[in-house]
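Look at how a ligand sits against a protein chain. The text below goes from individual contacts to the elements around them.

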Amino acid sequence: MLRYIFKRILMMIPVMIGVTLITFSMMYFSPGEPADYILGELATEEDKALFNEQNGLNRPFLVRFVNYIVDAVQGDFGISYSTRQPVINEILASFPTTMKLSLYAEIFAVVLGITLGVISAVKQYSFIDNFTRILAMIGVSLPSFWEGLMLIILFSVVLGWLPPSGLTSWKHYILPAFTLSTWGLAACMRMTRSSMLEAIREDYVRTARAKGQTEFVVIMKHAFRNAVLPIITVAGTDFAKLLGGAAVIETVFSINGIGKLIVDAINTKNAPLVQGGILFVAVAMSLINLLIDLVYAFVDPRIRSQYSSGKRLKSKSGKKATVS
Amino acid sequence: MSEKILEIKDLFVQYTAGKDIVRAVNGISLTLEQGESLGLVGETGAGKTTTALSIMRLIPHPPGKITGGEIRYRGENLMEKSEAEMRKIRGHEISMIFQDPMTALNPMLSVGDQIAEVVRLHQKISRADAMRKACEMMEIVGIEGGRANEYPHQFSGGMKQRIVIAIALACNPSLLIADEPTTALDVTIQAQVLELIEQLKQKFNTSLLLITHDLGVVAEVCSKVAIIYAGEIVEYGTLKHIYEHPSHPYTIGLFGSIPNLNETVHRLAPIPGLMPDPTKLPAGCAFAERCSEACEACTKSAAPYVEIEPGHMVRCIKFAGKEC
Ligand SMILES: Nc1ncnc2c1ncn2[C@@H]1O[C@H](COP(=O)(O)OP(=O)(O)OP(=O)(O)O)[C@@H](O)[C@H]1O
Ligand SMILES: [Mg+2]
């Protein structure tokens, strides 16, 4: 198991270099000089030349790229042009906000999505099944920025119950977290429903009933355990997406998370911050994907036995032990 | 006379498939006495599993429904029992060995847990004691008790079938329903499993309803035989009756289609044609279409049951005193 984790982390390295190369090139080849954005319109040509010199901006592409990688490996992601702070500090300052918001949104989405999904599978074609189907359809097709704006108009402007922006009390979390959760909630609900519908028709569910087991335990212990893997995938990838893609919602609700940080950095051609931010998000997403795979092994004994070092299995069953 | 443990009277079961109604069981009556073994024989789709599931009250609803008749267990009508009362009976008084061992076990739970589950449901004992009992059961069916915490995918098909049997017998049921317990297994394992069932039956004085389409298996284990065709019992009697004087043309046909080593017949004589579509059963005898002796009267109305010798019932117009 540990060997597997180590291997997966090693495999992240080329991915990260690739991600860096792409963002680096995009920043390099996109029009506009950072100096123009950072120093403002009043800056003279000499000022700009000095700025470029100080930040190493007039060296060749490859040299800059390699330098960046070498520094990054040592934990140095450069200095933000705008604040003159190390990039890593800015990221670490804004990431917890995004993390917290995404976590609240995902927990809400998963708990409600699974509950409604299980109910609609067990009571297929009932009122609640049809009703949640419509909700889910709306949920996946709503553009989130529009949903956010509508919620602000309703709950902040018209009703005045909840604050429209910022993040200073628990009330501030409700609207953005709810908006962020919508897609995941709908996806989780639908995945739970279809996966459960399949599981409750399986023979082992009938075996469990034939033991005299109560319906609740039959559904939750026998059917749900078998239905849970695809739900974990949906919830996990949705969470990874929230961590990296909350930029729009953070902008709508003026929240200083990492999404907004990166978007603002792009607007000012603050290359070190963009690169550092995106790299950070990429690492976070990869780690979550790794986590999903580990949870898979935790839940499913068949997958678990693939990780364990084949030996023990081979001696016992002789066959079937596929070793990866 | 010993006690009647199971009495099925005029049982009707239907499945709805879209607009069609599948008439799977059409007026079956059977009795089974304490300690006795009854073989229920018929080709695929005859309604054997449906009959068995009706006894457990586990017909999936929808699409299935028991539309008529009664099932008495020790004199009590199971149709009138509440779901909670049925749960006390399932796995405890009446157990079922399911047809397909490959899918009958939950892949997410260790086999020990799955055996212990039924023990814990019906006996007030601790988790550890239930687990000990599970290991004991595994030993009884011929699997090392030490493998209790392994998962179904680590066992072969024959071992899985043994575990399914261990689950069914863990609480000493009075009535065991074995639905084709050997069809999924190869011939040597088949013999072992049959012997095992036979031994356990004697040990626990269990009554057995053995479902199969294999007349050889019945001859080994059962004392009475019922031949089922298109959801009806066409012939019923002791092993001797059926094997020495098969009387219904369908029964005779079944015997014709197994090779007999003592005779110099070199070809099997399979019954020509197929069972009628259970959505469109004919008005008269369901077998008429395939019967070499059928006449016009056969297609008009169904024959009554005739007792051609004490305890040997046949449902064919030949014996109803009518001329063809
Ligand atoms: N869940 C279901 N929905 C619709 N029709 C069903 C269902 N289960 C069984 N049937 C139908 O009922 C009839 C009897 O099926 P059953 O499973 O009882 O047959 P069987 O005698 O056990 O056959 P086999 O030997 O293949 O196991 C078949 O025509 C089958 O198509
Ligand atoms: Mg069957």
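An oxygen atom of ligand 1 lies 2.8 Å from a side-chain N or O atom of Lys48(B), within the limit for a polar contact, a pair of N or O atoms within 3.5 Å. In this predicted model, local features need pLDDT of at least 70 and side-chain atom pairs pLDDT 80 or more, while totals for chains, interfaces and linings use all residues; side-chain values use heavy atoms, without hydrogens and water. Residues are numbered from 1 along each chain as its sequence is written, with chains lettered from A and ligands numbered from 1 in the order in which they are written.

Thr44(B) places a polar side-chain atom 2.5 Å from an oxygen atom of ligand 1. Gly47(B) uses its backbone instead: one of its N or O atoms is 3.0 Å from a ligand 1 oxygen. Ligand 1 alone exposes 630 Å², and the protein buries 71% of that (accessible areas by the Shrake-Rupley method, 1.4 Å probe).

In total, 15 residues surround ligand 1, each with a heavy atom within 4 Å of it. Among the closest are Thr49(B), Thr50(B) and Gln99(B). Helix 1 of chain B gives the largest share of this shell, three residues; helices are DSSP runs of H or I, at least four residues.

Which residues of helix 1 of chain B are buried? They are Lys48(B), Thr50(B), Thr51(B), Ala52(B), Leu53(B), Ser54(B), Ile55(B) and Met56(B), where buried means under 20% relative accessible area (1.4 Å probe, protein chains only). Because eight of its nine residues are buried, helix 1 of chain B is largely enclosed by the rest of the structure.

Note on methods:
A polar contact is a pair of N or O atoms within 3.5 Å; within protein, one must be able to donate a hydrogen and the other to accept it, and residues adjacent in sequence count only if both atoms are side-chain atoms. Helices (H or I, at least four residues) and strands (E, at least two) are DSSP runs, numbered from the N terminus. Buried means under 20% relative accessible area, exposed over 50%, partly exposed in between (1.4 Å probe, protein chains only).
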